[in-house]
Amino acid sequence: MNILTTIKKVVDVELTIRVENGSIIEDGLQYVMNAWDENAVEAAVQLKENNQAETTLVSIGGGEDNTKIIRRGYAMGIENGIQIDDPALAEADSFVYARVLQKVYEKGSYDLVITGKQAQDTDNGQTGIILAEYLGLPCVSNVVAVEVIDDQHLKVSRLGDTGTEIVELALPAIITVTDSINEPRLPQMRGLMMAKKKKIDVMDLAALGTSYDEVGGTAPKSQIAEFMKSETRTAGQKFEGDPAEITARVVSLLANEAKVL
């Protein structure tokens, strides 16, 4: 089995993110691998370990931050890495990303694509599903477990609207995974040191045999209009005393002030 995993560089959401004039202030920001993509990497590595699969990851974007997250994937156990570095993709949306990933898929020979359910920065949760549509492949989203049946079939569990659903999936296919599927491993120091020496296959759009116009970049289907600061929450209220009186007071506040009842 040959597995392709997608990873994305995102702003570290544990840090304070400053917004001014509708834009994010870049000074002081740090970038990390998208959390759901770490689950995708871990899922790919576990399939490699248990089923002798070959693993490749791909990240779209240039710069040292992207290189670092690819090497983190190496340290977790991924064997091959592809970096799509083209300045034209700086403002790409989910549809453009999916077109680029389509070109990556078509240059390789992959049986399974694993993506994170969504990205921490946009929370769109669309790229993997759009990619499946472009490739004409079956896709299961919200996956929480994967089991190999044979060389041509998987059995996956996904979180549905009314409970866990079990789906048998013919390969090649695409799955998007949630953070419930596993606990991503922490790379060991030896793995981190070895990852620094591994080759990354860096390509631009021309090397993929495509152009910005062909992947839809000149006619994006969605754009970020502006970033806005989150509203500051007011301090909560604490009540002490008789439970019956507190209950009546809370119900009154919910009905008359919060307007939720």
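Analyst: Of the 261 residues of the protein chain, 40% count as buried, where buried means under 20% relative accessible area, exposed means over 50%, and partly exposed lies in between (1.4 Å probe, protein chains only). This is a predicted model, in which local features need pLDDT of at least 70 and side-chain atom pairs count only at pLDDT 80 or more, whereas totals for chains, interfaces and linings use all residues. Residues are numbered from 1 along each chain as its sequence is written, and side-chain values use heavy atoms, with hydrogens and water left out.

The protein chain has six helices and 13 strands; helices (H or I, at least four residues) and strands (E, at least two) are DSSP runs numbered from the N terminus. Along its principal axes, the C-alpha trace spans about 65 × 45 × 40 Å. Contact here means heavy atoms within 4.5 Å. Among contacts between residues at least 6 apart in sequence, 70% join residues at least 24 apart.

Two strands pair if DSSP finds at least two bridges between them. Strand β1 (residues 2–7) pairs with β8 in the parallel sense over three bridges, and L4 stands opposite V113. Strand β12 (residues 173–177) also runs parallel to β8, and five bridges join the two. In that pairing, G116 stands opposite V177.

A nonpolar core is a set of buried Ala, Val, Leu, Ile, Met, Phe, Trp, Tyr and Cys residues joined through side-chain atoms within 4.5 Å. The largest such core has 31 residues, and those with the most contacts inside it are L112, I114 and I175. The elements that give two or more residues to this core are β1, α1 (35–51), α2 (63–76), β8, β9, β10 (153–159) and β12. Helix α1 gives the most, with six residues. In soluble globular proteins, nonpolar side chains tend to be buried together.

I114 illustrates these surroundings. Leaving aside neighbours within four places in sequence, I114 is in contact with I3, L4, T5, T6, A40, A43, A44, L47, I175 and V177.

S141 lies in strand β9 (residues 139–150) and counts as partly exposed, at 21% relative accessibility. With neighbours within four places in sequence left aside, S141 is in contact with I129, R158 and T176. S141 and Q126 are 15 residues apart in sequence and 9.9 Å apart in space, C-alpha to C-alpha.

Q83 lies in strand β7 (residues 80–84) and is buried, with a relative accessible area of 3%. Not counting residues up to four places away in sequence, Q83 touches S59, G61, G62, G63, N66, T67, I70, I200, D201, V202 and M203.
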